[in-house]
Amino acid sequence: MNSALVSPANHAVAQSASVMDVGDGFLLPVLLKIAFVLGLFFVVPLVGGYMEHKVMGRMQHRRGPVEAGPFGSLQLVADGIKFIQKEDTIPRAADKWVFAAAPGVALVPAMLIFLVLPFGPGVFAVDLELGLLYALAITSVSVLGVLMGGWASANKFSLFGGLRAGAQLIAYELPLIIVAITVAVQAGTLSLVGIVEAQSTFMLAGTDINLWYVFPQFVGFGIFFVAAMAELSRPPFDMPIGDSELVFGYMTEYSGIKFAMFLLTEYGGMITMSALMVVLYLGGWQLLPGVPLPGCDGAGGLFDCGFLGTVLGVAVTMGKILALVFVMVWARVAYPRLREDQLQRISWLVLVPLSLLNLAVVTVFKVVF
Amino acid sequence: MSELETKERIQPGSAPGEDVAFEIIGDGDFPTTDMSLSIGPAHPATHGVFRIVLEMDGERVKRATPVIGYMHRGFEKLAEYRDYRQIKALVNRHDWLSGFSNELGVALAVETMLEMEVPDRAQWIRMLMAEWNRILNHLMFIGSYALELGAITPMFYAFRERDDIQALMESATGGRLHFTYNQVGGLKIDLPKGFLQESRRISTQVRERLPDYDDLVLGNEIFHGRTKGVGPLSTDVALSIGVTGPTLHATGVPEDSRVTEPYLKYGEIDVKVPVGENGDAFDRFYCLLRRIDASLDIIDQVHDHIPAGPVNSKLPKMVKAPEGATYVRTENPLGQLGYWLESDGGRTPWRLKMRTPSFSNVQAIPHLMEGALLPDAISILGSVFFVVGDIDR
């Protein structure tokens, strides 16, 4: 193995410490972490949602929200309050318990992913050794809520939406997992922090030019991006919702707070998927490839940061996440919706073979160099 | 869960008449059923209260049955109780996106019966307004069809243009949707000062912005995937049903009464009729978009032709059509609009039969949707351009 491509095997103790591991007690760090995850989950998606409103507005000769809060920034908060006040209707023919449980089943996994996502140097709740596996596994649970909602609503449109969502998930989970595995192969670890760290030491073969994984694996990045949009049912892959044909798909019968929970799941999903992409391909909280964060003394300028470095690291991650969200919004504005069979064809005939090829090529290079 | 319970759970909301028959396939272990899916009367894709009952086998449509009449307002009967001055305020409401063209038809019918000479200036201005109205209508459908395919932006682009054009027409007529600008023998009032300059400016501006739609919608790969080869309408079927307008032009038939049977001054200028080849959803949309170009060409020609002079003729206090009957057809934005006007010499028509383009065009929907996928069915529904009020009257 070429010494230029150092595998972080020497970081076998990839369990880095979180900044929230303060004191010797058990309770304080746990409470801090819970507050961290909840705070992230309820704030960052709102930022993403606000950006969607504004960006879409500007792209469509509108101004977007302007009334609620400064520059309309509290529009989603106002929407949330409105949703809570609304009547919570359950169709008479619905399977009541399943109907009521579905939004929760969709929402909780979307929240739990924030547990492992690193947002900056030490800014994460836990650094699981199997972080990537955990993140991918828990994303797939969300669709269960969608299927439950689609089935239990006792509405034909909901049923169509739920079934389409199920089919779409199966089709796009596969390429998503394969390209994620490819990153894990290249990094030699499944820990998300470890993957960021591996990127800071990944050099172009034979040189000492630092590269993020997006450069050698641009195909994988593209596949991950497309598959992530499809998993989130974001336009142009929004067939399960398809408001002009399925009214609102599996969400048709939902109102009030339950509907808001589905919406929050979607926005949260946009953030978590973007964060995963940042971690897997875009070097996490690294400012530029090979440029250490100011104030950071650790390996590759990624760890042992002071207060300033930590804040800067979080800002860099957030900036990258919002840039990816911007692209997702852009796609929504620019494209019509695909048809369900076209969507399946893209996955099985293009994305799956390409991702397998990507895996093979990366593996061979990893062994050869 | 027993089979009966399953059935009840899948079909809780079946309306009377939508009975469900089980069809056993294979060895009978797996009962499947065709699902009847009622799109409308209140559904986002029907923009109005149009209803279409689909019999679905999974995502595939086995049979489509349009159900019309939810918006029947009895316009033909109402017209029998109104004099000709009042009728024009009535007819610009059946196809609310083509108000000017509708009232033009009535005015032409009465003028034909009276054998009246309409001043030249009035005729040219009528053409100008009719073409602007056509563009307004087509822009609306460009936006709404893209919306049905899931693209939200073209709607906002279309409304940008529509706002300018509506402001222009408002300056002359006072209306933005229901213009009521025609009257028997000419127009209500002459154009305001500066109207033609403004009209020229907007015509140039719309022409400059039209490539936006080519880029955003017509040239989009996903749009191609969703419309090419979807719902092809054959010329024979189209002609036998009486389909007209862009839906007919898409099948390759350039039948347009502005060309084949010119009214007003259309005979004196050059009218282009864009046609398609395959009659599919893509061609229908293509024809619609290119018709805007054609209308702008007409508008530019009209600008150079409008003579000075009066815009209305001297009329008796109460216009009465002489005894007899006439049929006038005009090329409305969505197709041929025909008015059969029968008078017994009184102040109201004895009978006013409307032949509306939307009514004939939706007859094609069952043919087009058979065997299509559900998303394609919506694509077809949107591409057979219709206004619900124009179907039901």
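These questions and answers walk through a predicted model with chains A and B.

Reader: How many residues does each chain bring to the contact between chain A and chain B?
Author: The two sides can be counted separately. Chain A gives 25 residues. For chain B, the count is 29 residues.

Reader: Which element gives the largest share of the side of chain A that touches chain B?
Author: Two elements of chain A give two or more residues to this side: helix H9 (307-334) and helix H10 (340-368). The residues there divide into eleven nonpolar, five polar and nine charged. The largest share is three residues, and it comes from H10(A).

Reader: What span does helix H1 of chain A reach from its first C-alpha to its last?
Author: Helix H1 of chain A covers residues 27-59, which makes 33 residues. At 1.5 Å a residue, 48 Å is expected. The model is close to that, at 48 Å.

Reader: Which residue with a positive phi follows H1(A)?
Author: Look just past the helix. Phi there is positive, near 60°. The residue is A:His61.

Reader: Is A:Leu192 buried or exposed?
Author: A:Leu192 is found in helix H6 of chain A, residues 192-200. Within 10 Å there are 26 other C-beta atoms. The cut-off for burial is 20 or more. A:Leu192 is therefore buried.

Reader: How far apart in space are A:Leu192 and A:Pro118, C-alpha to C-alpha?
Author: Beyond its neighbours within four places in sequence, A:Leu192 is in contact with residues including A:Leu117, A:Pro118, A:Gly131 and A:Val279. A:Pro118 is 74 residues away from A:Leu192 in sequence. In space, the C-alpha to C-alpha distance is 7.0 Å.

Reader: Which two residues of chain A does a cis peptide bond join?
Author: Most peptide bonds are trans. Here omega is about 5°. A:Pro236 lies in the loop between helix H7 (218-231) and H8 of chain A. The bond joins A:Pro235 and A:Pro236.

Reader: What is the phi of A:Ala154?
Author: Most residues other than glycine have a negative phi. A:Ala154 is found in the loop between helices H4 (131-152) and H5 (156-187) of chain A. This residue counts as buried because 21 C-beta neighbours lie inside 10 Å. A:Ala154 is not a glycine, yet its phi is positive, about 55°.

Reader: Where in chain B is B:Leu264 found?
Author: B:Leu264 is not a glycine but has a positive phi of about 45°. It is buried, with 20 other C-beta atoms within 10 Å. Its place is the loop between helix H11 (257-260) and H12 of chain B.

Reader: Where in H7(B) does the kink lie?
Author: Helix H7 of chain B has 24 residues, 195-218. Its span is 32 Å, close to the 34 Å expected. The kink is about 25° and comes shortly before the proline B:Pro211. It lies at B:Glu208.

Reader: Which helices of chain B do the buried residues of H7(B) pack against?
Author: The buried residues are B:Ser199, B:Ser203, B:Val206, B:Tyr213, B:Leu216 and B:Val217. Their packing partners in chain B are helices H5 (120-148), H6 (153-173), H8 (221-227) and H12 (281-305).

Reader: Which strands of chain B are the edge strands of the open sheet?
Author: Three strands form the sheet, in the order S8-S9-S10, with antiparallel pairing. An edge strand pairs on one side only. The edge strands are S8 (324-332) and S10 (351-355).

Reader: How many bridges join S8(B) to S9(B)?
Author: A hairpin of two residues joins S8(B) to S9(B). B:Thr330 stands opposite B:Leu337 in S9(B). The strands run antiparallel, and the bridges between them number nine.

Reader: Which residue in S10(B) is the bridge partner of B:Gly338?
Author: Strand S9 of chain B, residues 335-343, runs antiparallel to S10(B). Five bridges join the two. The partner of B:Gly338 is B:Arg355.

Methods:
Residues are numbered from 1 along each chain as its sequence is written. Chains are lettered from A and ligands numbered from 1 in the order in which they are written. This is a predicted model: local features need pLDDT of at least 70, side-chain atom pairs count only at pLDDT 80 or more; totals for chains, interfaces and linings use all residues. Two residues are in contact if their C-beta atoms, placed from the backbone, lie within 7 Å. Helices (H or I, at least four residues) and strands (E, at least two) are DSSP runs, numbered from the N terminus. Ala, Val, Leu, Ile, Met, Phe, Trp, Tyr, Cys and Pro count as nonpolar, Asp, Glu, Lys and Arg as charged, and the others, Gly among them, as polar. The expected span of a helix is 1.5 Å times one less than its number of residues. The bend at a residue is the angle between axes fitted to the seven residues ending there and the seven starting there. A residue is buried if 20 or more other C-beta atoms lie within 10 Å of its own, exposed if 12 or fewer, and partly exposed in between; C-beta atoms are placed from the backbone. Two strands pair if DSSP finds at least two bridges between them.
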